[in-house]
Amino acid sequence: MPAAELAAAGAPRERAPAIWIFIALDCSSFGLFFVVFMAQRLGQPALFDHSSQQLYTALGFLNACILITSSWLVAWANVVGRQGDFAQAKKLIAWGMAVAACFGLVKGYEYYEKLSSGVTVSTNEFFTFYYALTGIHFVHYLVGMVILGVLAQGPHPYAPPDQAHASYRKWLEGGSLYWHMVDLLWIFIFSLLYLVGAR
Amino acid sequence: MIGNDSAAPRNAWLLLLLISGLSFVAAEFSAERHIAIAAIVGIAAAKIVVILVRFMDIDRAPAGIRRYLYGWTLVCSAAIFGLWWAASA
Amino acid sequence: MNPYRYAKALAWTGVFMLAGTIIFWAILGQNVPPYSAELSADEFAAQIREHASLIRIGMIVQMPISVMWFTWGVAIWVVMRAIEKENGSNSILSLLQLVGAAFTTIVFVLPCSVWLAVAYRPEVMEPKTLQIMYDFGWMFFDMAYSLTTMQLVAFGICVLQDKRERPLIPAWAAWFSMFVVVSFAVLTMMPLVFGGPFSRSGLINYFVEFSLFFVMWLVLDIFILKAIGRLEQEHYTGHASR
């Protein structure tokens, strides 16, 4: 839908995309982490590669597929939401959450497995970054799950319908953008931590 | 047009899973590391662009943000590959 | 009476405190960057003994000026209340912001008293005692970030709902401040490491996080000052400025 149509729909001012500013800033800070990680790796590539091989690449790959699938369901929800089919949007968001819940399980298993075999933040520099990057990403994921949980409730049931629908559409738009960012960041994190050092 | 095309996210999903698989194979089974790393980083960048365009409808975002995020993807991938190269040399 | 009386003065206290914090907490307090957690107790004690008098002056002034975090928090509250008044007078977000500002003030006061105690009589204290006190100050200073996160996320959500054609606080500034306080989550790594980018004196957890925080502080205060000016204008001309 072009911007002109949105303005004609009666919204006094379309400000949902301002979340793009947050996304750009958040990506920048992750970008900085990636560069610092690679710069720290410069002096000790063997240690970083050896540590990376202790991670289960298959689990990281599984998590990438889980997030892509969840992101896709949420993108789809956004498409039907724009067309006004909120019942379908709610259902798709709920499916997106259900799929994404598996990400938490897999990540939780990985953390448990690593911590119980004595691999912690202070094991070496690679694992400091492993826990920092995946940990901060995990916080983003948890916030995203809460946002999806709110979106799965659908538009406010008691507010006047036009108002409730306009506000739901705005939140659906912003919330799904945030969720795609969580997916997008995992792609670089997965490549950096699991793939670059594999074999 | 992109916004109302519900096939767009669906096609993107298959494409993303497919190229993710490729990058996994490159990492695990490729003998030539330089090519494998280039493939991993290139595929990561491609996946990010697909997500930006197909899922996030970046064409609707302000032009400055659009340029910035494409630039970010490029700079991050170039830095990852460049610093990997520097460490292996 | 002008309902925005005093508000501008309160917003200015934020700028004064920013300047004061750079001079007294950062420069005189020897916090650019702070002493590394990698120093041995003896090395650390030697540093403290050498700079004790400067640290004392820094902390003695920083403690009383820290109240200004709360006073300029009240200026933020004034702007938020004006936005909330147009949105059904739901005052939950401005309350969260105000309480967050009050708690964050403690974060600026308490660690300074701890560092002041470190600099009080370091020549007769055991190096390890000095070190644990200094560490304690930093644990409190860095790890109480959620108080500030609550304050400024509540602020950001509120000002994004401003219905004015030209919002009192631009959306980018709201998102920027929310980004900065959310990024404090990286500080969670600080108690787990001694050196490297995530340590209390490291690249990410000191240089990047603190620079972002100080820039956000200035940016936010400038927009709060401007917003209060516009609110006064709206009040006297009797309608929202366009």
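Me: In this predicted model, is R41(A) buried or exposed?

Reply: Buried means under 20% relative accessible area, exposed over 50%, and partly exposed in between, with a 1.4 Å probe and protein chains only. R41(A) has a relative accessible area of 3%, so R41(A) is buried. Buried residues make up 58% of the 199 residues in chain A.

Me: What conventions apply to the numbering and to the values?

Reply: Residues are numbered from 1 along each chain as its sequence is written, and chains are lettered from A and ligands numbered from 1 in the order in which they are written.

Me: Which residue does R41(A) meet in a salt bridge?

Reply: Side chains of opposite charge can pair when their charged atoms come close. The criterion for a salt bridge is a side-chain nitrogen of Lys or Arg within 4 Å of a carboxyl oxygen of Asp or Glu. R41(A) meets D49(A), at 3.0 Å from N to O. Over all chains, the structure holds 10 salt bridges.

Me: How many helices and strands does chain A have?

Reply: Chain A has 7 helices and 0 strands. Its C-alpha atoms fill a box of roughly 60 × 30 × 25 Å along the principal axes.

Me: What is the volume of the largest cavity?

Reply: On a 1 Å grid over the protein atoms alone, a cavity is a set of points where a 1.4 Å probe fits but cannot get out; a pocket is an open set with protein on both sides within 12 Å along at least five of seven lines; lining residues have an atom within 4 Å of a point. Grid points are joined across faces, edges and corners, and a volume is the space filled by probe spheres set on the points. The search finds 5 cavities of 30 Å³ or more, and the largest has a volume of about 220 Å³. Its lining has 16 residues, and V107(C), F141(C), F184(C), F210(C) and F213(C) lie nearest the centre. Helix α8(C) gives the most to this lining, with 4 residues.

Me: What classes of residue line the largest cavity?

Reply: Ala, Val, Leu, Ile, Met, Phe, Trp, Tyr, Cys and Pro count as nonpolar, Asp, Glu, Lys and Arg as charged, and the others, Gly among them, as polar. The lining of the largest cavity has 11 nonpolar, 3 polar and 2 charged residues.

Me: How does the lining of the second largest pocket divide by class?

Reply: That lining has 4 nonpolar, 1 polar and 5 charged residues, and the pocket volume is about 190 Å³. Among the lining residues are R164(C) and E234(C). E234(C) forms a salt bridge with R164(C), with the closest N and O atoms 2.8 Å apart. Both E234(C) and R164(C) are buried.

Definitions and conventions
Predicted model: local features only at pLDDT ≥ 70, side-chain atom pairs only at ≥ 80, totals over all residues. Heavy atoms only, no water. Helix = DSSP H or I, 4+ residues; strand = E, 2+ residues; numbered from the N terminus.
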